[in-house]
Amino acid sequence: MEHLSDQSAIPNLNANWVNAKGAWVIHIVLIVALKIFYSIIPGIQRDTSWFLTNLTYMFGSYLMFHWVRGIPFEFNAGAYDNLNMWEQMDNGEQFTPTKKYLLSVPICLFLVSTHYTHYDLTYFTLNVMALLGVIIPKLPWVSEIKVQAGVVHAR
């Protein structure tokens, strides 16, 4: 109860930026930048560059939205210390436009990556595992379960 009143007292600057203009576009810019980066490395073929782009984006997305807890600012008396970025966004509401967009980006990237890797079984399997690793933590029932450093904690 105390955390709820602390959370409503001051706006959460850590999570409010995701609704700002340009916040959605940065994901596409990052994906394009990763693709260009992996494409200019000598010896990396197109299918491998798409696979690495997918894997890097999924890993970064998981790290940013689901692994790191709390906020880097010290003005809220620890009201968000137990919440990751996904849980902080939109005051914890599920299926807001921002969360729907952030759920669809990894799925679209997976589909593109799978197409350009020519449905190779090894790439497909690794891409599916990366996709599930990013999609499952975004589901509403998972916010009740905390996994940190291999230990499962239920709230």
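## The loop between helix 5 and helix 6

F95 sits in the loop that joins helix 5 (85-88) to helix 6, and in this predicted model its phi is near 60 degrees, a positive value in a residue other than glycine. The loop between helix 5 and helix 6 also holds G92, which counts as partly exposed because its relative accessibility is 35%. Not counting residues up to four places away in sequence, G92 touches E87 and K99. The C-alpha atoms of G92 and P140 are separated by 9.5 Å, although the two residues are 48 residues apart along the chain.

A positive phi, of about 60 degrees, is also found at H118, which is not a glycine either. H118 is placed in the loop between helix 6 and helix 7 (121-135), and with a relative accessible area of 55% it is exposed.

## The chain as a whole

The chain contains 7 helices and 2 strands, and from the N terminus on the elements run α-α-α-α-α-α-α-β-β. Of its 155 residues, 37% are buried. Among contacts between residues at least 6 apart in sequence, 62% join residues at least 24 apart. The accessible surface of the chain comes to about 9200 Å², and carbon and sulfur atoms account for 70% of that surface.

Helix 3 covers residues 25-40, and its 16 residues reach 23 Å from the first C-alpha to the last, which is close to the 22 Å expected at 1.5 Å a residue. Its buried residues are H27, I31, L34, K35 and Y38. Seen down the axis of helix 3, these buried residues fall within an arc of 100 degrees, so they line one face of the helix.

On the face turned away from the buried side, helix 3 carries the exposed residues V25 and I40.

## A nonpolar patch on the surface

A nonpolar patch on the surface is formed by W17, V25, I26, V29, L30 and M64, which together have about 500 Å² of accessible area. Helix 3 provides the largest share of this patch, with 4 residues. One of the patch residues, I26, is found in helix 3 and is partly exposed, with a relative accessible area of 37%.

V18 lies in the loop between helix 2 (13-16) and helix 3, and it counts as buried because its relative accessibility is 3%. Leaving aside neighbours within four places in sequence, the residues in contact with V18 are A23, W24, M85, M89 and T98. V18 and K99 are 81 residues apart in sequence, yet their C-alpha atoms are 9.2 Å apart in space.

## Helix 4

The 22 residues of helix 4 should span 32 Å at 1.5 Å a residue, and the end C-alpha atoms are 30 Å apart, which agrees with that expectation. The buried residues of helix 4 are D47, S49, W50, F51, T53, N54, Y57, M58, S61, F65 and H66. These buried residues pack against helix 3, helix 5, helix 6 and helix 7.

## Helix 7

For helix 7, the 15 residues should span 21 Å at 1.5 Å a residue, and the 20 Å between the end C-alpha atoms agrees with this. The buried residues of helix 7 are Y123, N127, A130, L131, V134 and I135. Around the axis they cover an arc of only 125 degrees, which puts them on the same side of helix 7.

What covers these buried residues of helix 7 includes helix 4 and helix 6. The face of helix 7 that is turned away from the buried side carries the exposed residues L121, T122 and M129.

How values were computed:
Residues numbered from 1 in each chain as written. Predicted model: local features only at pLDDT ≥ 70, side-chain atom pairs only at ≥ 80, totals over all residues. Heavy atoms only, no water. Expected span 1.5 Å × (residues − 1). Buried < 20%, exposed > 50% of the residue type's maximum accessible area, 1.4 Å probe, protein only. Arc of directions from axis to C-beta. Contact = heavy atoms within 4.5 Å. Patch = residues over 30% accessible without salt bridge, like charges linked within 9 Å, V, L, I, M, F, W, Y side chains within 5 Å. Areas by Shrake-Rupley, 256 points an atom, 1.4 Å probe, with all protein chains shown as cover. Salt bridge = Lys/Arg side-chain N within 4 Å of Asp/Glu carboxyl O.
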